Amino acid sequence: MTESITITDNRSGESYEIPVVNGGVSATDWAKILPGIWFYDPGFMSTAAAESSITYLDGTAGILRYRGYPIEQLAESSTYLEVAYLLLNGELPTESQFEQWRHDVTSHTFIHENVRKRFLDGFHYDAHPMGMLVSAVAALSTFYFDAKDIFDPASRQKQIIRLIAKMPTLAAAAHRFSVGMPFVYPDNSLDFPSNFLSMMWKVAEPRYETDPALSRALDILFILHADHEQNCSTTAMRVVGSSHADPYSACAAACAALYGPRHGGANEAVIRMLSEIGSMENVPAFISEVKAGHGHMRLQGFGHRVYKNYDPRAQIIKKAADDVFEVTGRNPLLDVALKLEEIALSDEYFTSRRLYPNVDFYSGLIYQAMGFPLEMFPVLFAIARTAGWLAHWQEMLDQDSKIARPRQLYTGADARDYVPMSRRGA
Ligand code: CMC
C-alpha cells in the first residue's frame with residue numbers, strides 16, 4: 001500500500017491526497033494544489049533538496065555509510081583514493097579499475113606553472129591559505145576550456161581527475177607561499193597522502209620520507225571527511241552546478257562555503273578553546289560558564305545539526321589520534337579534551353540536549369600534532385571533500401535537475417513612488 005498524507009484547504013474545504021515517496025512528499029505536488037503558497041524553510045531545515053544515492057546518514061542512530069559501506073569499515077580497510085572512486089562511481093573498484101584510477105590521478109598532480117608563478121605568487125605575503133585555495137580552484141577554469149563541456153563524459157571525467165589530483169598540490173602551494181617557503185613539486189612515486197605531506201614539509205632532502213603511521217592517519221581523516229551528504233558546501237556545489245557552470249567554478253563556491261567557521265572552521269575553534277582552557281583543572285569552571293551562557297557560549301566540537309548521538313567519525317578519529325601521538329608525542333591539549341568530554345557527557349545540560357563530540361572535536365588535535373598550522377585545517381577538509389562535491393555534482397547533472405532557484409516570502413514595502421532627493425526628509 002502506498003503511504004500518503006491528506007491535507008485540507010480550510011479556505012475551500014477541499015482535501016487533497018499527497019503520496020509519501022522515499023520518506024518525502026513532493027513540494028511540486030503541493031504547489032499544484034496550493035498555487036502561490038510557498039514552503040518557508042530558511043536553512044533548509046526540513047527540505048530534501050535532492051534524491052541521492054551517495055551517502056546515508058542516520059543522526060539519531062549515529063550511522064554514516066558511503067554507497068552502503070559503513071564508515072568504520074572504510075576507515076579501517078580502505079584508502080582515500082579508493083573511497084573517492086567509490087563515491088564517484090557507486091562501486092568499489094576492481095584491481096585493474098583501481099590501478100587505472102590511481103594512474104590517472106597521479107599523472108595529473110602537477111599544476112600549470114602560471115598558476116603558481118603568476119597567480120599564487122600574486123597574493124599578499126600573509127594571505128590565508130584557504131582564501132588562496134578558493135581563488136586558485138576558480139582560476140583553474142581559465143586553464144581548461146574543455147571544462148565547459150559538462151555533458152561530454154570524457155571531458156567530465158578529465159576535470160574530475162584533475163580536481164582530485166591538483167587539490168593537494170594547490171593546498172600545499174598555498175601553505176608554502178603563506179610561510180615563505182619554496183614550492184615543492186609533486187613526487188608521483190608516492191601515494192596520495194604521502195605526496196601531499198612531501199609537498200607540505202620537504203626542505204632540502206632529495207626525497208621526503210613520511211612516517212607511514214602519519215600518512216595513514218591523514219588518509220583516514222581524508223576518508224572521514226570525503227562526504228557528508230547535503231552539507232553547506234555540497235549544497236553550494238549543487239546550486240552553482242545547477243546553472244551548468246564548469247566544475248572548477250562550482251568547486252570554488254563549495255570551498256568558499258567550507259571556509260566559514262560554522263562549517264570547515266570548527267576544528268580550528270576547538271584548538272583555540274582548548275588552548276584558552278589551558279589545563280584540566282580549569283575544565284569544570286569552563287563547563288559552568290558554557291551552561292550559564294545559555295547558548296551564547298558554545299562548547300566547540302560538540303553538537304551537530306544531524307547527529308543527536310556520538311558522531312561515528314569522532315570515535316574513529318579518537319583511535320587515529322593515539323596512533324599519531326605515538327609518533328609525534330602526545331598533544332598536551334588532549335588531556336583537556338578528554339576531561340571536557342568526560343564532564344560534558346555526564347552533565348544533564350549536554351545529555352538532555354543530545355550534545356556529543358562531533359568530527360571536529362579531535363581532528364584538530366591530530367592536525368596540530370602533525371604540524372599543520374591552524375589556518376590549514378579548512379584546507380585539509382577541502383582536499384578530502386572534493387571527492388564528495390564532485391560525486392554530488394555528477395549525480396545532479398545526471399538527474400537532469402532544474403536550476404536551483406528558491407522562492408521567497410516578500411516582507412518589504414508596498415508599491416510607492418520615487419521621491420527626488422531634494423524632497424526626502426532627514
Ligand atoms: N555547546 C553548548 N550548547 C550547545 C552547543 C554547544 N556546542 N550546541 C548546541 N547547544 C545548545 C543550544 O544552546 C540549544 O540550547 P537551548 O535549547 O537551551 O536553546 C540546543 O543545544 C540546540 O542547539 P541549536 O543551535 O538549535 O542546534 P543546531 O542543530 O542548530 O546547531 C551546531 C548545530 C553544530 C551549529 C551547534 O551544535 C554548534 O554550534 N556546535 C559548536 C560548533 C561545532 O562544533 N560545529 C561543527 C559541526 S560538525 C562539522 C560539519 O559538519 O561541518
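**A tour from the core to the strands**

In this predicted model, begin by selecting Trp-101, Ile-164, Phe-196, Leu-299, Leu-340 and Phe-372, which, among the 119 residues of the largest nonpolar core, touch the most other members. Next, select helix H18, residues 377-398, which gives the most to this core, with 14 residues. Colour domain 2 (79-257 + 378-398) and domain 3 (266-369) separately, and you can follow why the core lies between them: both domains give residues to it.

Now return to Phe-196 and show its surroundings. Which residues is Phe-196 in contact with, leaving aside its neighbours within four places in sequence? They are Pro-168, Ala-171, Ala-172, Leu-218, Phe-222, Phe-372, Met-376, Leu-380 and Ile-383.

For the next stop, select Ile-7, Tyr-16, Ile-18 and Trp-30, which are included in a second, separate core of 5 residues.

Then show strands S1, S2 and S3, which form an open sheet in the order S1-S2-S3 with antiparallel pairing. Strand S1 (4-9) and strand S3 (24-25) are the edge strands, each of them pairing on one side only. Strand S2, residues 14-21, pairs with S3 in the antiparallel sense over 2 bridges, and if you select Val-20 you will find it opposite Val-25 in S3.

**Two hairpins in a row**

Move on to strand S4 (residues 55-58) and S5, which run antiparallel and are joined by 4 bridges; within this pairing, Leu-57 has Leu-64 in S5 as its bridge partner. These two strands form a hairpin with 4 residues between them, and Gly-62 in the turn has a positive phi of about 70°.

Finish by selecting strand S6, residues 69-70, which pairs with S5 in the antiparallel sense over 2 bridges, with Tyr-66 standing opposite Tyr-69 in S6. The hairpin of S5 and S6 has 2 residues between the strands, and Arg-67 in it takes a positive phi near 50°.

Note on methods. Residues numbered from 1 in each chain as written. Predicted model: local features only at pLDDT ≥ 70, side-chain atom pairs only at ≥ 80, totals over all residues. Heavy atoms only, no water. Core = buried A, V, L, I, M, F, W, Y, C linked by side-chain atoms within 4.5 Å. Buried < 20%, exposed > 50% of the residue type's maximum accessible area, 1.4 Å probe, protein only. Domains from an automatic or database assignment. Contact = heavy atoms within 4.5 Å. Pairing = 2+ DSSP bridges.
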